[in-house]
Amino acid sequence: MILRRIQTTLLREFRKSPQVAPPAVRELWGAAVPSSATDDSQALIAAESWSPVKQMFSDSTRPPRGSIRRMLRQDMDLDAWFTGLRFFRNMRTAWERGCVADLQQDGIHLRIVTGFLGRGADGQNVFTYTMRFCNTGEEAVRILARRYCFCDEKGQVVAEVPRAVDDEEWGPGLVGFTPLLSPGTAFTFGSGTGFRSSRGSLEGSFLIARANRPELTTRAHDARTAQERYQTFLSSASDCLEMPCPKVFFDETVNAAL
């Protein structure tokens, strides 16, 4: 009886979510994972603690609703079911609180998910965010730079990238990378921030180049700093576009995958 009630509640939580969106991942803070468009590394890492969820995200050939129903037929202990219920309830709350943002533009799909990690030693609420770029177009693109503005719940700016004192328009790269995305490939990375308030927000933009010129060799690429790579690719790009970073919120009621 208890198990049936948990399963019914889990399915209801799943149905309330606009889309399946894995939570932000702490392990990706300061790191990046290239992948194919159908291999969502963020989801696989986030679902590591509950194998049926991991199976659902890794099986791109089956619709999510069919996958969730198959999961409900599996024989698992109560702890596993409670973990799954927390997973989907957190996912629904993320959508409701604005902690998931989606944007499709110029053949690029961007998804941002934020999550709460806890209170830091300095008293700030610490959050992580995970971004996934997917090239759904027909041309290769390279992400050259970004700029962000972090605001607290009162709308006051608490941090910027690049910093105002740096006197730069753009912050080069993404966590040290200037990723090249061929058609059908994806790039996932993570980072984090802190707020004195229980909520905050992030918005900004990315500078993206059409990568139709000869690329640097691997050795020449790795020998350059992010700033040097940014300048090199920017000077050789035939076409650049500014892609907005949609506004996304941080909320202490939405947890990251720990």
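**Entry 1. Charged surface**

Which residues form a negative surface patch? I looked this up in a model that is predicted. I find that Asp 106, Glu 138, Glu 139 and Asp 239 form the patch.

I then located two of its members. Asp 239 sits in the loop between helix H7 (226-236) and strand E11 (240-251). Its relative accessible area is 38%, so I record Asp 239 as partly exposed. Asp 106 belongs to the loop between strand E2 (100-105) and strand E3 (108-119). With a relative accessible area of 42%, Asp 106 is also noted as partly exposed.

**Entry 2. Backbone angles**

I returned to Asp 106 for its backbone. Its phi is positive, about 50°, although Asp 106 is not a glycine. Val 175 is another non-glycine residue with a positive phi, near 40°. I place Val 175 in the loop between E7 and strand E8 (180-181). Val 175 is partly exposed, at a relative accessible area of 26%.

Where is the peptide bond that is cis? I find it from Val 161 to Pro 162, with omega near -5°. Pro 162 lies in the loop between strand E6 (157-161) and strand E7 (171-172).

**Entry 3. Aromatic residues**

How many aromatic pairs does the count come to? I note 13 aromatic pairs.

Phe 150 and Phe 250 make a tilted aromatic pair, with 6.4 Å from centre to centre and 40° between the planes. This pair links distant parts of the chain, since Phe 150 is in strand E5 and Phe 250 in strand E11, 100 residues apart. I record Phe 250 as buried, because its relative accessible area is 0%.

Tyr 129, Phe 150 and Phe 250 are members of one aromatic cluster, which also includes Phe 116, Phe 127, Phe 133, Tyr 148, Phe 195 and Phe 206.

**Entry 4. Nonpolar surface**

I looked next for nonpolar side chains on the surface. Ile 2, Leu 3, Leu 78 and Phe 82 form a nonpolar patch there, with about 340 Å² of accessible area together. Helix H1 (2-16) and helix H5 (78-96) are the elements that give two or more residues to the patch. Ile 2 is in helix H1. I count Ile 2 as exposed because its relative accessibility is 56% and exposed residues are over 50%.

**Entry 5. Salt bridges**

How many salt bridges does a search of the whole structure find? I note six salt bridges.

Within helix H5, I checked Glu 96 and Arg 92. Their side chains meet in a salt bridge of 2.9 Å, N to O. Both residues lie in helix H5, four residues apart, about one turn of the helix. Glu 96 counts as exposed at 54% relative accessibility, whereas Arg 92 is buried with a relative accessible area of 14%.

Arg 111 forms a salt bridge with Asp 102, and their closest N and O atoms are 2.7 Å apart. I record Arg 111 as buried at 12% relative accessibility and Asp 102 as partly exposed at 30%.

Glu 169 and Arg 147 also meet through their side chains in a salt bridge, 3.2 Å from N to O. The pair links distant parts of the chain: Glu 169 is in the loop between E6 and E7 and Arg 147 in strand E5, 22 residues apart. Glu 169 counts as exposed at 53%, and Arg 147 is partly exposed at 24%.

Which residues are linked in a network of salt bridges? I find Arg 97, Arg 199 and Asp 251 in the network.

**Entry 6. Ser 197**

Ser 197 is buried, with a relative accessible area of 11%. Its C-alpha atom is separated by 9.8 Å from that of Cys 151, which is 46 residues away along the chain.

Methods: Residues numbered from 1 in each chain as written. Predicted model: local features only at pLDDT ≥ 70, side-chain atom pairs only at ≥ 80, totals over all residues. Heavy atoms only, no water. Patch = residues over 30% accessible without salt bridge, like charges linked within 9 Å, V, L, I, M, F, W, Y side chains within 5 Å. Areas by Shrake-Rupley, 256 points an atom, 1.4 Å probe, with all protein chains shown as cover. Salt bridge = Lys/Arg side-chain N within 4 Å of Asp/Glu carboxyl O. Lys, Arg positive; Asp, Glu negative; His and termini not counted. Charge placed at Lys NZ, Arg CZ, Asp CG, Glu CD. Buried < 20%, exposed > 50% of the residue type's maximum accessible area, 1.4 Å probe, protein only. Phe/Tyr/Trp six-rings, centres within 6.5 Å; stacked < 30°, edge-to-face > 60°.
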